Amino acid sequence: MTHIAHIQLDDANLPPPTPEIEQERRVAMFDLMEENSFVLPQRDDRVVPTGPYNVALSIRDKRLVFLVMTEDGETAAEFHLSLSPFRQVVKDYFAICKSYFDAVKTAAPSQIETIDMARRGIHNEGARVLQERLEGKVEVDDATARRLFTLVCVLHFGG
């Protein structure tokens, strides 16, 4: 199975993340490296370089940029996605995460569970949007899309 062997976030020009955002980033990157599915589809008659891949994610000119390299450092693909389709779901995700982090400090377990269910639902929606935007460019499974969406949120937070 083709997969991501290394992922890099270009967050050099972003403000420092909150501890919660930093934790989300660390968990998503760890989970992504543990297990992911990332397949570049055949397009036209071009040869598709085989993985595993090194992926760099960045935001440039208000676009999400995926730079996909082979382990030898050759460019396998580069694609730019508009951030517009992500704006509302990222905003909703940050709002529900804030509610969740606040609830963990003081709320009853049942309230925390309810908020966490809503958080997972919004996270799934973000992953679905990402999969739609990546259609024809790269194929990712649901778990990989969820982890990549978290990283998109991290970049979006600073941008």
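Analyst: A residue is called buried when its relative accessible area is under 20%, exposed when it is over 50%, and partly exposed in between (1.4 Å probe, protein chains only). The model is predicted, so local features need pLDDT of at least 70 and side-chain atom pairs count only at pLDDT 80 or more, while totals for chains, interfaces and linings use all residues. Residues are numbered from 1 along each chain as its sequence is written, and side-chain values use heavy atoms, with hydrogens and water left out.

A disulfide here is a pair of cysteine sulfur atoms within 2.5 Å, and the structure holds zero of them. Cys-97 is in no disulfide, as the nearest cysteine sulfur, that of Cys-153, is 7.4 Å away. Cys-97 counts as buried, at 4% relative accessibility. Cys-153 is likewise in no disulfide, with the sulfur of Cys-97 as the nearest one at 7.4 Å. Cys-153 has a relative accessible area of 1% and is therefore buried.

Now the wider picture. Helices (H or I, at least four residues) and strands (E, at least two) are DSSP runs numbered from the N terminus. The protein has four helices and six strands, which follow one another along the sequence as β-α-β-β-β-β-α-α-β-α. The radius of gyration, taken over C-alpha atoms, is compared with a globule rule of 2.2 Å times the number of residues to the power 0.38. The protein has a value of 16 Å, close to the 15 Å that the rule gives for 159 residues, so it is as compact as a globular protein of that length.

The loops hold some backbone features. Most residues other than glycine have a negative phi, and most peptide bonds are trans. Gly-51 and Pro-52, however, are joined by a cis peptide bond, with omega about 5°. Pro-52 sits in the loop between strand E2 (38–39) and strand E3 (53–60). In the loop between E3 and strand E4 (63–70) lies Asp-61, whose phi is positive, near 50°. Lys-62, in the loop between E3 and E4, has a positive phi of about 60° although it is not a glycine.
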